Amino acid sequence: MRVIKAIITNLIAWVSPSFYVRWTGETGRGREKESIESVAQYFCNCFYEYFEKLGVDKEEISHYLESKKLLEYGPGDIPGVALMMYAYGAEKVICIDRFPLVTLSEKNIKIMTTVIEGLPDKFKNRANNAFNEPGVISSGFKSKYLEYVVEKKNGTADIEEQFELIYSRAVLEHVNDLDLTFKNMNQLLAMDGSIIHQVDFKSHGLHSSNPLDFHVLNKTLWWLMYSNKGVPNRWRINYYRELLSKCKFTIRLIEATGTYENKIVKDIREKLASPFRVLSDEDLSWQGAWIIATKDI
């Protein structure tokens, strides 16, 4: 029954992504109930964590971002981080998604208002200027400064511009063609630019008893059940290393965000689908990763 239901809903997501998003209530941050303040704080935490990982002090963020063009993969239903990037000095931020998630609902407007109110005074005016009618969030984003693009087929960006920073959080594990996405990043990244991504290797609720048992299904069945839903693509850290090398990036940082204990890996290994059996225990154990890289010269 679970398999049949998953295949049917996967067909619905393929035929009408917009309907599927509305039906599931997807936000890009999961489906748990959230307060306005907690979501605003989430964006603030994400913003500062990017620069902590990049080695940029808080006092230097505006200098780092000055006149830079940025690309964000998968902003979810609110481009809160992108708004902060622009507020702190970025020339322009383009957000790209596979699903049309961004909405200017009453709650989302309140969240963005809270984000702006929490900014240091010297950045508030610039944040308010990101909207078609300055300070009026419901007027929509001024595309000259903050642009939202939906690419339904594969979520890659068909854009002429070059970007000094490309970033995402808990997004790359959802893309349906990771190889193409890394090639896309390399094409779009300026020679002096960087990519920074936080990737989540967990099941997103699709496991049963072992947190790694969503790797038991074979590739064909997983594709039939989940290929159009934006659920985890199941690639582990070894494939990210391979793609970084293949697409000619220089790795600056790869580190685990957390690891599973050895017993969890040992208990599931013999049941894994064939592509995952060859992975080392260490690579299987990673719960997620931070990745920072630059383009090879």
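Contact here means heavy atoms within 4.5 Å. The legends below describe close-up views of a predicted model.

**View 1. Seven strands make up an open sheet.** The sheet has 7 strands in the order β5-β2-β1-β6-β7-β9-β8, and its pairing is mixed. Strands β5 (146–150) and β8 stand at the edges with a single partner strand each, so one side of each has no neighbour in the sheet. From one strand to the next, the twist averages 15°. In a regular strand, side chains alternate between the two faces of the sheet.

**View 2. Helices α8 and α3 lie across the sheet.** Helix α8 lies across β1 (69–73), β6, β7, β8 and β9, and runs at about 150° to β7. Helix α3, residues 36–54, lies across β6, β7, β8 and β9. The direction of α3 is at about 125° to β6.

**View 3. Strand β7 pairs with β6 and with β9.** Strand β6 (residues 163–169) pairs with β7 in the parallel sense, over 6 bridges. Strand β7 (residues 189–200) and β9 run antiparallel and are joined by 7 bridges. Gln 198 has Trp 290 as its bridge partner in β9.

View 4. Strand β8 (residues 249–259) pairs with β9 in the antiparallel sense over 9 bridges. Trp 290 in β9 is the bridge partner of Glu 255. Trp 290 is also the bridge partner of Gln 198.

**View 5. Ala 289 is a buried residue of strand β9.** Ala 289 is found in β9. Its relative accessibility is 0%, so Ala 289 counts as buried, the cut-off being under 20%. Ala 289 and Ala 256 are 33 residues apart in sequence, while their C-alpha atoms are 4.4 Å apart in space. Which residues is Ala 289 in contact with, leaving aside its neighbours within four places in sequence? They are His 197, Gln 198, Val 199, Phe 201, Ile 237, Glu 255, Ala 256 and Thr 257.

**View 6. Helices α8 and α10 pack at an oblique angle.** Two packed helices are described by the angle between their axes and the distance between the axes. For helix α8 (residues 178–188) and helix α10 (residues 237–246), the angle is about 40° and the axes are 10 Å apart. The two helices, α8 and α10, are therefore oblique to each other. The crossing in which α8 passes α10 is right-handed. On the α8 side, the residues that meet α10 are Leu 178, Asp 179, Phe 182 and Lys 183. On the α10 side they are Tyr 239, Tyr 240, Leu 243, Leu 244 and Lys 246. Divided by class, this contact of α8 with α10 has 6 nonpolar and 3 charged residues, with no polar ones.

**View 7. Helices α5 and α7 cross at roughly 115°.** The axes of helix α5 (residues 80–87) and helix α7 (residues 121–128) come within 8 Å, and they cross at roughly 115°. That angle makes α5 roughly perpendicular to α7. The crossing of α5 and α7 is right-handed. Leu 83, Tyr 86 and Ala 87 of α5 meet Phe 123, Arg 126 and Ala 127 of α7. The contact of α5 with α7 is made up of 5 nonpolar residues and 1 charged residue, and no polar residue takes part.

**View 8. Helix α5 is mostly covered.** Of the 8 residues in α5, 8 are buried. These buried residues are Gly 80, Val 81, Ala 82, Leu 83, Met 84, Met 85, Tyr 86 and Ala 87. Leu 83, Tyr 86 and Ala 87 are also the α5 residues that meet α7. Helix α5 is followed by Gly 89, which has a positive phi near 130°.

**View 9. Arg 269 lies in a loop between two helices.** The loop that holds Arg 269 runs between α11 (262–268) and α12 (274–277). Is Arg 269 buried or exposed? Arg 269 counts as buried because its relative accessibility is 17%, and the cut-off is under 20%. Not counting residues up to four places away in sequence, Arg 269 touches Phe 276, Arg 277, Leu 279, Ser 280, Asp 281 and Leu 284.

Terms used: Residues are numbered from 1 along each chain as its sequence is written. This is a predicted model: local features need pLDDT of at least 70, side-chain atom pairs count only at pLDDT 80 or more; totals for chains, interfaces and linings use all residues. Side-chain values use heavy atoms; hydrogens and water are left out. Axes are lines fitted to C-alpha atoms, for helices over the stretch in contact, and angles run from 0 to 180 degrees between N-to-C directions. Helices (H or I, at least four residues) and strands (E, at least two) are DSSP runs, numbered from the N terminus. Angles under 35 degrees count as roughly parallel, over 145 as roughly antiparallel, 65 to 115 as roughly perpendicular and the rest as oblique. A crossing is left-handed if the near helix is turned anticlockwise from the far one by less than a right angle, and right-handed if clockwise. Ala, Val, Leu, Ile, Met, Phe, Trp, Tyr, Cys and Pro count as nonpolar, Asp, Glu, Lys and Arg as charged, and the others, Gly among them, as polar. Two strands pair if DSSP finds at least two bridges between them. Buried means under 20% relative accessible area, exposed over 50%, partly exposed in between (1.4 Å probe, protein chains only).
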